[in-house]
Amino acid sequence: MKEYYDRRAREYDATTYKLVLQDDDASRDLGALEALLTALPPATTLDIGCGTGWLTRFLPGAVVALDQSESMLRIARRRVPGAVFVLADVPPLPFPAGSFDRALASHVYSHVETADERQAFVDEAFRVAGELIVVEQADQRD
């Protein structure tokens with residue numbers, strides 16, 4: 001997975017977020033998500049799996065953004081210069097218990113394969129943060 005995202009870093013936004021912007025319904029959904037994040041009360045936030053920082057830039061307050069891909073982090077650092085960036089594989093999260101008010105996991109949870117691993121991921125997020133926001137894309141099927 002790490003190598004996959006390292007290879008995709010340069011094209012990631014064009015094949016995800018920018019592609020979404022070409023579809024009216026999906027673009028409205030993304031805009032609503034960005035507005036929701038922007039409207040959150042400022043907090044110390046850990047962005048788990050920040051990728052290129054597309055959503056990281058909408059988080060109010062002090063932000064630490066973590067990803068397993070150095071290529072993704074390079075882009076995110078340029079996009080969100082005020083954040084702190086950490087290169088790490090998770091779990092475990094490399095922070096003491098209670099380090100953050102909030103954690104965001106955007107498009108990460110779907111990569112966690114088993115129910116036990118998903119529970120461990122959630123437990124680990126709540127170990128370091130009092131609140132967890134999980135964002136995932138849902139398939140809409142007729």
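Biologist: How far does α3 reach from its first C-alpha to its last?

Modeller: In this predicted model, α3 has 16 residues. At 1.5 Å a residue, the reach expected for α3 is 22 Å. The model comes close to that, for the distance from the first C-alpha to the last is 22 Å.

Biologist: Seen down the axis of α3, within what arc do its buried residues fall?

Modeller: Let's start with the names: L30, L33, E34 and L37 are buried in α3. An α-helix has 3.6 residues a turn, so residues three or four places apart point the same way. The buried residues of α3 line one face of the helix, because they fall within an arc of 95 degrees.

Biologist: Which element gives the largest share of the largest nonpolar core?

Modeller: That core has 18 residues, and those with the most contacts inside it are L37, C50, L55, F85 and L104. Two or more residues come from each of α3, β2 (63–67), α4 (70–79) and β5 (129–135). With 3 residues, the largest share comes from α3.

Biologist: Which residues is F85 in contact with, leaving aside its neighbours within four places in sequence?

Modeller: F85 is one of the residues with the most contacts inside the largest core. With its neighbours within four places in sequence left aside, F85 is in contact with C50, A65, L73, A76, R77 and V80.

Biologist: How many residues does the second, separate core have?

Modeller: In soluble globular proteins, nonpolar side chains tend to be buried together. In this model a second core stands separate, and I48, F95, F100 and A125 are among its members. The number of residues in that second core is 17.

Biologist: Two of those are phenylalanines, F95 and F100. What kind of aromatic pair do their rings form?

Modeller: F95 and F100 are both buried. A search of the whole structure finds 1 aromatic pair. The ring centres of F95 and F100 are 5.1 Å apart and the planes stand at 90 degrees, so the pair is edge-to-face.

Biologist: How far apart are the end C-alpha atoms of helix α5?

Modeller: Helix α5 covers residues 115–128, which is 14 residues. At 1.5 Å a residue, α5 should span 20 Å. The model agrees, with the end C-alpha atoms apart by 20 Å.

Biologist: Which elements do the buried residues of α5 pack against?

Modeller: The buried residues here are F121, E124, A125 and V128. Seen down the axis of α5, they fall within an arc of 100 degrees, so they line one face of the helix. These buried residues pack against β1 (45–48), β4 (100–106) and β5.

Biologist: How far is A105 from A125 in space, C-alpha to C-alpha?

Modeller: A105 is found in strand β4 and is buried, with a relative accessible area of 0%. Its contacts beyond four places in sequence include I48, F121 and L132. A105 and A125 are 20 residues apart in sequence, while their C-alpha atoms are apart in space by 8.9 Å.

Biologist: Is T45 buried or exposed?

Modeller: T45 is found in strand β1. Not counting residues up to four places away in sequence, T45 touches L59, P60, A62, V63, V64, F100, R102 and L104. Its relative accessibility is 0%, so T45 counts as buried.

Biologist: Which residue has R57 lying over its face?

Modeller: R57 sits at 4.4 Å from a ring centre. The face that R57 lies over belongs to W54.

Biologist: In which loop does P91 lie?

Modeller: The backbone around P91 is worth a look. A cis peptide bond joins V90 and P91, with omega about -5 degrees, and the bond from P91 to P92 is cis, with omega near -5 degrees. P92 has its place in the loop between β3 and β4. P91 lies in the loop between β3 (84–87) and β4.

Biologist: In what order do the elements of the protein chain run from the N terminus on?

Modeller: The protein chain has 5 helices and 5 strands. Among contacts between residues at least 6 apart in sequence, 56% join residues at least 24 apart. From the N terminus on, the elements run α-α-α-β-β-α-β-β-α-β.

Note on methods: Residues numbered from 1 in each chain as written. Predicted model: local features only at pLDDT ≥ 70, side-chain atom pairs only at ≥ 80, totals over all residues. Heavy atoms only, no water. Core = buried A, V, L, I, M, F, W, Y, C linked by side-chain atoms within 4.5 Å. Buried < 20%, exposed > 50% of the residue type's maximum accessible area, 1.4 Å probe, protein only. Helix = DSSP H or I, 4+ residues; strand = E, 2+ residues; numbered from the N terminus. Contact = heavy atoms within 4.5 Å. Expected span 1.5 Å × (residues − 1). Arc of directions from axis to C-beta. Phe/Tyr/Trp six-rings, centres within 6.5 Å; stacked < 30°, edge-to-face > 60°. Lys NZ or Arg CZ within 6 Å of the ring centre and 35° of its normal.
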